[in-house]
Amino acid sequence: MKTLFLVRHAKSSWNDPALPDKDRPLNDRGERDARRLGKRLAKRDVKPDVIVSSPARRALATAGIIARKLDFRVKDIQVSDRLYAVEPDDLLQVIRGLGDKVKSAMLVGHNPELTELAQRLSDEIAYMPTCAVAEFRFDARSWSRAGKDKPARAMLYTPRTS
């Protein structure tokens with residue numbers, strides 16, 4: 001069994017329009033939502049073996065907040081340019097490249113590619129708002145089947161839902 005968590009970064013700040021897109025931080029609501037979502041995932045005993053984040057400041061901040069709530073060491077978050085400004089197929093390649101010893105993986109990135117990938121993996125997820133987590137459980141031994149087989153289970157969590 002493999003479990004994949006796709007996490008859309010929390011709400012970012014637009015206070016400084018001169019900042020490059022990659023450098024935009026989370027706003028207050030984003031920080032609050034990431035903490036809330038991290039708590040909910042911790043209550044469900046989510047324990048990812050790996051967390052991979054986009055290098056964008058808002059994605060890394062979201063990943064860090066959630067990681068701390070899950071007792072995952074922030075310094076162990078992997079940062080990958082392959083999660084920033086990409087296509088859903090690029091995300092699938094990242095997932096398929098995970099080692100088969102990894103049972104649970106969390107990717108923290110952006111829209112529209114996360115929503116598009118979630119829709120491709122399951123008809124049950126129509127849209128991922130900011131700080132949403134799409135969870136997919138695959139009855140598989142290898143990540144190489146991700147995107148080829150439908151998940152055994154698909155769920156969507158937001159900071160306001162359980």
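Me: What should I know about the source and the numbering?
Reply: This is a predicted model: local features need pLDDT of at least 70, side-chain atom pairs count only at pLDDT 80 or more, and totals for chains, interfaces and linings use all residues. Residues are numbered from 1 along each chain as its sequence is written, and side-chain values use heavy atoms, with hydrogens and water left out.

Me: How many helices and strands?
Reply: Four helices and six strands. These are DSSP runs numbered from the N terminus (helices: H or I, at least four residues; strands: E, at least two). The order along the sequence is β-α-β-α-β-α-β-α-β-β.

Me: And how compact is that?
Reply: As compact as a globular protein of that length, because the radius of gyration is 14 Å, close to the 15 Å that the globule rule gives for 162 residues. The radius is taken over C-alpha atoms, and the rule is 2.2 Å times the number of residues to the power 0.38. The C-alpha trace spans about 45 × 30 × 30 Å along its principal axes.

Me: What share of the residues is buried?
Reply: 52% of the 162 residues. Buried means under 20% relative accessible area, exposed over 50%, partly exposed in between (1.4 Å probe, protein chains only).

Me: Strand 2 next. Which strands does it pair with?
Reply: Strand 2 (residues 50-53) pairs with strand 4 (residues 104-109) in the parallel sense over four bridges. It also pairs with strand 3 (residues 78-79), again parallel, over two bridges. Pairing requires at least two DSSP bridges between the strands.

Me: Which residues are the bridge partners?
Reply: V50 has A105 of strand 4 as its partner. S53 has V79 of strand 3. From strand 2 the chain crosses through helix 2 (residues 57-69) to strand 3, and this β-α-β crossover is right-handed. That means the path from the first strand over the helix to the second runs clockwise with the strands pointing away from the viewer.

Me: Which way do the strand 2 side chains point?
Reply: V50 and V52 point one way, I51 and S53 the other, and all are buried.

Me: Switching to helix 4. What covers its buried residues?
Reply: The cover includes strand 1 (2-8), helix 3 (88-96), strand 4 and strand 5 (133-138). The buried residues of helix 4 (residues 113-121) are E113, L114, T115, L117, A118 and L121.

Me: Now the serines. Where is S80?
Reply: In the loop between strand 3 and helix 3. S80 is buried, at 15% relative accessible area. Leaving aside neighbours within four places in sequence, S80 is in contact (heavy atoms within 4.5 Å) with V52, S53, S54 and P55. The C-alpha atoms of S80 and P55 are separated by 6.2 Å, though 25 residues apart along the chain.

Me: What does the S80 side chain reach?
Reply: The backbone nitrogen of R82, at 3.1 Å.

Me: S13: buried or exposed?
Reply: Buried, with a relative accessible area of 11%. S13 lies in the loop between strand 1 and helix 1 (28-43). A polar atom of its side chain lies 3.1 Å from the backbone nitrogen of N15.

Me: Last one, which residues does S142 touch?
Reply: K2 and D100, not counting residues up to four places away in sequence. S142 lies in the loop between strand 5 and strand 6 (153-157). A polar contact of 3.2 Å joins the side chains of S142 and D100. Polar contact here means a pair of N or O atoms within 3.5 Å; within protein, one must be able to donate a hydrogen and the other to accept it, and residues adjacent in sequence count only if both atoms are side-chain atoms.
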